[in-house]
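Subject: Structure handover

Hello,

Please find the structure below, with my notes after it. Have the 3D view open while you read.

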Amino acid sequence: MKRSPREITGWSAAIAIVVIASLIPIVWIISLSFKDPSTIADGSFLPTKWTWTNYSGIFKQSLFTDALRNSIGIALIATLISVVLACFAAYAIARLDFPGKRLILVFALAIAMFPPISIVGPLYNMWRNIGLYDTWPGLIIPYMTFALPLAIFTLSAFFREIPWELEQAAQVDGATPFQAFFKVIAPLAAPGVFTTAILVFLFCWNDFVFAVSLTSTSKAETVPAAIASFPGASQFTAPIGSIAAAAVVVTIPIIVIVLLFQRRIVAGLTAGAVKG
Amino acid sequence: MSATAATNQPVTPAPSRKRHLTERARAERRLGWSLVAPAGIVMIAVSIYPIVYAFVLSLQRADLRFPAANKFIGLDNYKTVLTSPLWWQDVWHTVVLTVIPVSLELVIGMALALIMHRVIFGRGPVRAIALIPYGIVTVVAAYSWRYAWEADSGWIPHLLGLKSDPLTSTFRSYLAIIVSEVWKTTPFMALLLLGGLALVPDELHEAAKVDGATAWQRFWRITIPLMKPAILVALLFRTLDAFRIFDTVYIFNQGAHGTETVSILAYNQLLNRLNLGLGSAVSVLIFLMVALIAFLFIKGFGAAAAPGGGER
């Protein structure tokens, strides 16, 4: 099909608008992070004087490096546990027949709609009483709760699409049940599981409400909460440069994930939502 | 989709399974329950139990600064909240910060979904770049926009030649917060709409084209009606999500300049004033409002799903 020049111009303009609108805030925060402290308030979009000091500064502060460690650790563990538990549940929902399975989906949907702030108060009180306040598990547990519905929905949508007959076919061909599962089904299920893991990780990495309410020190504070409490170099300077640099550091993994796995993220979110 | 779901149903003997459970069916049930149980238990333990506990707390005078004064006071906390003008102001702020961003997101998200769906070149990169805001941490997005608007550091006042600090006026604070929210969440809206767009068969468009329908007519008469379920799902998700807005407002000004939302109010009561009773009453009210919104939407689904949209 031939495209008219008018069509090509139109599409180029549309694409340009999307790209510029999506990237301006990213370019801006990167630009801020490279601005020399003396020029940080000059209001120019790009740095006039470049510097690495904001980055070297935050990596010298344990406030930031601890938070980074907490963010990575907590998000990874919460993702791992939720995806494993969700795999069990989604397998059962997609493949087995048992009463109450619709109920599980409805219940998961209800949880997904829960306003997190509603349970922050009770969790705060409970965690203080049982010693989970300001600890890794204290954040991992609520993250799992909110990640599980997302994971169960996405995974059961993926699992429904798997041709499970292949498992029996492989067994007919002489494979053991174990082989049939790991050689035939696991490779088919892996992309869905991986996609779900990405979505869940993004969710945990993004959280602010729980992090700011249920942690208080570098023991468990994650980067979003730590950034919001960055102290300035002196009491009169806002720590704009440090905040910008820290923001860029937590954003880099996200951009890499999105660029590499764009197709999976699209597939995962549309699979989970449309049939819901 | 419903067809594939049906064929993938397990291969248990279908007839008369209700009355006479075979050994195998019973084993299958047990396996099903035990596989679902761990996830189900975690979800119940960390959501149902706390919301019940929040309700219990909301009936008490529970102030961590005065633990000795704890006692059961019935619905007094609710009376205090519901008669306070602050609460109603915050509800209004939250409604504004829900309705305006979600409406904008629906329109922009639809445009973005159409672009992502039909783009004739560079589809992969365009989709990837459009998705970046979805992945960005909300706090980071909020900081970027806040510093963009701030009088002494920002490029926006610089560009527009504004003299005063834009973020000290209520109107401009709202504008800034709304821009930030819309930027961050439009891609999510667009993705949900994209899923619906993929279900619209091309042949219908071709047929309408042959009959002389313009692109505009085809959009309103074919695309929109067929996408109705997807639009409602997207609106539901985004409305509930927008209603609990917290991160962006917290980062911008912690609710100053008339931007305090109900979530910020609950946070302040619970964690700054340590008034668990009053804060829990606010939390329970937020929960009830969210449940009401969800209920209204789901009633709407029933109406919308009736003509042809009833997939499940």
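Helices here are DSSP runs of H or I with at least four residues, strands are runs of E with at least two, and both are numbered from the N terminus. The model is a predicted one.

Chain A

From the N terminus on, the elements of chain A read α-α-α-α-α-α-α-α-α-α-α. That is 11 helices and zero strands. Taken along the principal axes, the C-alpha atoms of chain A fill a box of roughly 75 × 70 × 35 Å. Of its 276 residues, 47% count as buried. Among the contacts in chain A with a separation of 6 or more, 74% are between residues 24 or more positions apart.

Where the chains meet

How many residues of chain A are in contact with chain B? There are 84, and they are in contact with 88 residues of chain B. Helix α11 (residues 240-274) of chain A supplies the largest share of the chain A side, 17 residues. By type, the chain A side divides into 64 nonpolar, 13 polar and seven charged residues.

One helix pair to look at across the two chains is α1 (residues 5-33) of chain A and α5 (residues 123-135) of chain B, which pack at an angle of about 35° with their axes 9 Å apart. Their crossing is left-handed. From α1(A), the contact uses A:I15, A:V18, A:V19, A:S22, A:L23 and A:I26, and from α5(B) it uses B:V126, B:I129, B:A130, B:I132 and B:P133. These residues divide into 10 nonpolar, one polar and no charged.

The largest nonpolar core has 165 residues, and those with the most contacts inside it are A:A86, A:A89 and B:L193. Leaving aside neighbours within four places in sequence, A:A89 is in contact with A:I104 and A:I152, and also with B:L35, B:V36 and B:A39.

Inside chain B

Helix α8 (residues 170-197) and helix α10 (residues 215-243) of chain B have axes that come within 8 Å and cross at roughly 155°. An angle over 145 degrees counts as roughly antiparallel, so α8(B) and α10(B) are roughly antiparallel to each other. The crossing is right-handed. B:L193, named above for its contacts in the core, is one of the α8(B) residues that meet α10(B). On the α10(B) side, the residues include B:M227, B:P229, B:A230 and B:F237. The residues of this contact divide into 11 nonpolar, three polar and one charged.

Is helix α12 (residues 262-272) of chain B largely enclosed or largely open? Eight of its 11 residues are buried, so α12(B) is largely enclosed by the rest of the structure. Among the buried ones are B:V262, B:I264, B:Y267 and B:Q269.

Two backbone angles to check

Just after α12(B), B:L274 takes a positive phi of about 55°, although B:L274 is not a glycine. B:L274 lies in the loop between α12 and α13 (276-305) of chain B. A:D134 is also not a glycine, and its phi is positive at about 60°. A:D134 sits in the loop between α5 (117-130) and α6 (136-160) of chain A.

Are these two residues buried, partly exposed or exposed? A residue is buried with 20 or more other C-beta atoms within 10 Å, exposed with 12 or fewer, and partly exposed in between. A:D134 has 17, so A:D134 is partly exposed. B:L274 has 17 as well and is partly exposed.

Regards

Key: Residues are numbered from 1 along each chain as its sequence is written. Chains are lettered from A and ligands numbered from 1 in the order in which they are written. This is a predicted model: local features need pLDDT of at least 70, side-chain atom pairs count only at pLDDT 80 or more; totals for chains, interfaces and linings use all residues. Two residues are in contact if their C-beta atoms, placed from the backbone, lie within 7 Å. Ala, Val, Leu, Ile, Met, Phe, Trp, Tyr, Cys and Pro count as nonpolar, Asp, Glu, Lys and Arg as charged, and the others, Gly among them, as polar. Axes are lines fitted to C-alpha atoms, for helices over the stretch in contact, and angles run from 0 to 180 degrees between N-to-C directions. Angles under 35 degrees count as roughly parallel, over 145 as roughly antiparallel, 65 to 115 as roughly perpendicular and the rest as oblique. A crossing is left-handed if the near helix is turned anticlockwise from the far one by less than a right angle, and right-handed if clockwise. A nonpolar core is a set of buried Ala, Val, Leu, Ile, Met, Phe, Trp, Tyr and Cys residues joined through C-beta atoms within 7 Å.
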